[in-house]
Structures are given as structure tokens and as C-alpha cells.
Amino acid sequence: MANVGKNIKQLRTKNKMTQEEFAQALFVTRQTVSNYETGKSNPDIDTIIKIAELFKVDTNAVIYGLPLKVNQKRKRIWAIALGIFVTVLIVADFLLYKLSEGYDDFFSHPQNILKFSLFPFTLYVVGFFAIHIIGLFSGLKPFNNKTAKIIRIALLIILVLLTLGTLYFAAFHMTGFIKGLKPGGYHISWPGFFGQRLILNIVLNYPFIFFILGVISWLFGLIYKEN
């Protein structure tokens, strides 16, 4: 019963009761409550039953502590899944980077596929994973209000545009890479589109933006939400 005092204090504070109010409810002195919470003494079985009835919990909650919340369990499952996914992405990034060695042609260079698709996506997931881990240990939760809904819509539009742009460049370089495997190589012209300079500038010079977008996506509940 080493943690009973800690569990009693958790239940009391969770129900927003002072030690004095709690003592009155149990018909004991405030000093007795203080002794329970500091571990100087332990309540008997009858008192534990009274505490459980007072806070409308099972006696196990008093003896062993409150059960892990569903949200906390779900958050841990997400953390494990994201950790595995991040590991796979980092390995894929490394393999594609190694594959890039020995290629000189810009249009067929595998590293460009890495720059324009896999690496930005990896940064996004790492940002999402990082803030999720912080939330797991700090109790931070995604925002869920009217402002958050507006930000989610704006964020979704930005992500769709960036995703389409990066996939476009990646597909272009993948085509060059595949055709470049043929004898004599293969060169293709660069097809342009509206906003390509902006997306290129972000991907090549400010890739950390994808990390920030991952963090914001978690904070405003774009992908992960809690009840």
C-alpha cells in the first residue's frame, strides 16, 4: 500500500477538494488526511471503501491508482506506430541517398527524388512525431475549437498544394531516372507550372518548414485528435 497516499491525493485534487473538506467528508482531522497523503499512515479498509464511495470509483483506484485513460493508451499506440514509421522513412532516405552516388545527370539523379518527395515527407512526420511525444509526457493536447477548425482548413490547403508540387517534381525526376538507365542516357525538358519557383524554393532552401507543418498539424488536430 505504498502508493495509497499518492492515489488519495490524486483523487482529492482531481475532485477539487481541499484537505479540510476531504477530512470533513470522512469525519477525520485534516492532519489525518495529511498523514495519509504523505504516507505517514495508511487508512484502514473501511476508510478506503468510504473514499471510493466519496469519489465514485472502485476501491482498486484508491489502492492501485486510477486506470490509464483511453486517450493516454491511444496516444501511446500512436507514438509506437509513428516511431516505427519514422524509422522506416529515415532508412529509406539513407538508401536513396546512397543510391544517388555516382549519378551526375540532374534530371535522372535519385537524390532529387529524395529532395522533392521523401525528405520533405520525412521532416513532416518527424515534426508530427516530436510534438506527439512531448504531448505524451506533458499532457499537451491538440486544440479543438472554432479557431482550430479554421486553421485546419488553411493547413490542409497548404499541404495539398505542397504535396502536389513535390510529387510533381518527384515524378518528373523519377521519369528521368528510369529513362536515364537506358544506354546513352535520356534528357527531358523541365515542364513549368504556376508557383513552381515558390515550391522549389521551399523544398530546396527551407525544408524545415515541413517539420513545422508537422508540428502544427498535430497541435490543431489535422490528423490526430483527442476526445
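Which side chains meet in a salt bridge? Please take me through the helices around that pair.

Analyst: A word first: this is a predicted model. The side chains of R12 and E37 meet in a salt bridge, at 2.5 Å from N to O. The structure holds 1 salt bridge. R12 lies in helix α1 (residues 4-14), and E37 lies in helix α3, so the pair ties together parts that are 25 residues apart in sequence.

Helix α3 spans residues 30-38, and it packs with helix α2, residues 19-26. Two packed helices are described by the angle between their axes and the distance between the axes. For α2 and α3 the angle is about 105°, and the axes are 8 Å apart. That makes α2 roughly perpendicular to α3, because angles of 65 to 115 degrees count as roughly perpendicular.

Which residues make this contact? From α2 come Q19, E20, F22 and A23. From α3 come R30, V33, S34 and E37. E37 therefore has a part in the salt bridge with R12 and in the contact with α2. By class, the contact of α2 with α3 has 3 nonpolar, 2 polar and 3 charged residues.

One more feature lies on the surface. I80, I84, F85, V88 and F121 form a nonpolar patch there. Together they have about 490 Å² of accessible area. Helix α6 (residues 70-99) gives the most to this patch, with 4 residues. F121 is found in helix α7, residues 110-138.

Conventions: Residues are numbered from 1 along each chain as its sequence is written. This is a predicted model: local features need pLDDT of at least 70, side-chain atom pairs count only at pLDDT 80 or more; totals for chains, interfaces and linings use all residues. Side-chain values use heavy atoms; hydrogens and water are left out. Axes are lines fitted to C-alpha atoms, for helices over the stretch in contact, and angles run from 0 to 180 degrees between N-to-C directions. Helices (H or I, at least four residues) and strands (E, at least two) are DSSP runs, numbered from the N terminus. Angles under 35 degrees count as roughly parallel, over 145 as roughly antiparallel, 65 to 115 as roughly perpendicular and the rest as oblique. Contact means heavy atoms within 4.5 Å. Ala, Val, Leu, Ile, Met, Phe, Trp, Tyr, Cys and Pro count as nonpolar, Asp, Glu, Lys and Arg as charged, and the others, Gly among them, as polar. Patches are made of residues with over 30% relative accessible area and no salt bridge: like charges are joined within 9 Å, nonpolar side chains (Val, Leu, Ile, Met, Phe, Trp, Tyr) within 5 Å. Accessible areas come from the Shrake-Rupley method with a 1.4 Å probe; for residues, only the protein chains shown count as cover. A salt bridge is a side-chain nitrogen of Lys or Arg within 4 Å of a carboxyl oxygen of Asp or Glu.
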